[in-house]
Amino acid sequence: MQPSSCPLLSPSARSEKVLRSRAFSLRRVQKVWASFAPIALAGVLSAGCGDKAPPPNPPCERDCQDAVAMRAVREMMKFAFNTTFQMKPVGFHDLTTDKFLPGSARVFGTAFSNGEQGVTEVNLTYVFTEAAYAKKQDEPDQNYLMALDATITQTGNIAVQPSTPTALTMQSESVTLAGTVYDPAIPYTKTGCALDLRQNGNSVAGRFCGDLVGFEF
């Protein structure tokens, strides 16, 4: 890759740019959530008619919140891959998807199929720009509404056969997240955090913002 011709930003300029980006992401996430809220509320009310209310979900402290946020990042990477590289010929591609709630992701690099091992070997870079994504599941720690700004590299193997586990490394110098995690929703914001994750099969673990994080698919 050729060196960038763009001038480097000063630390203060970078901070201001990140804060503006975070605020914009959060506003857009809140706007998207507002459109979902009436549907969610209707579901709660209909479930409560004539039925005893279920017990509240256990509290979700910082480790739990970080785990949900990392699930969001990993699933957003999977979504970006599936809407760009999935079903494309092997080799180098530079593709962009705008199928996020708002926002987009550019994915570029190489992906090769290894039939003997039953994996797809990847060396990819993901560039998320104001990309928002939401999940609503029965398990409280699988719920989130998140906007992501980051450049993340991904190397390793994605399993295409059950006999071979996925083995990936995902890294970034700066990840900014804004949105909510868990159910009931908890506000979540992290700005300019380093990311270093490893996925082995269904386990994802590593560091985010200097803290140990991990979750299971």
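**Close-ups of the disulfides**

**View 1. Cys60, a buried cysteine.** In this predicted model, Cys60 has a relative accessible area of 7%, so it counts as buried. Its partner is Cys64: the two form a disulfide. If the word is new to you, a disulfide is a covalent bond between the sulfur atoms of two cysteines.

**View 2. The bond between Cys60 and Cys64.** Zoom in on the sulfur atoms of Cys60 and Cys64 and you'll find them 1.9 Å apart. What is the relative accessibility of Cys64? For Cys64 the value is 25%, so this cysteine counts as partly exposed, while Cys60 is buried.

**View 3. The bond between Cys193 and Cys209.** Here's another disulfide, made by Cys193 and Cys209, with their sulfur atoms 1.5 Å apart. Which parts of the chain does the pair tie together? Cys193 sits in strand E6 (residues 186–200), and Cys209 sits in the loop between strand E7 (203–208) and strand E8 (211–216). The pair therefore links parts that are 16 residues apart in sequence.

**View 4. Cys193 and Cys209, side by side.** Are these cysteines buried or partly exposed? Cys193 is buried, at 6% relative accessible area. Cys209 is partly exposed, at 31%.

View 5. Number the bonded cysteines along the chain and the pattern reads 1-2, 3-4.

Notes:
Residues are numbered from 1 along each chain as its sequence is written. This is a predicted model: local features need pLDDT of at least 70, side-chain atom pairs count only at pLDDT 80 or more; totals for chains, interfaces and linings use all residues. Side-chain values use heavy atoms; hydrogens and water are left out. A disulfide is a pair of cysteine sulfur atoms within 2.5 Å. Buried means under 20% relative accessible area, exposed over 50%, partly exposed in between (1.4 Å probe, protein chains only). Helices (H or I, at least four residues) and strands (E, at least two) are DSSP runs, numbered from the N terminus.
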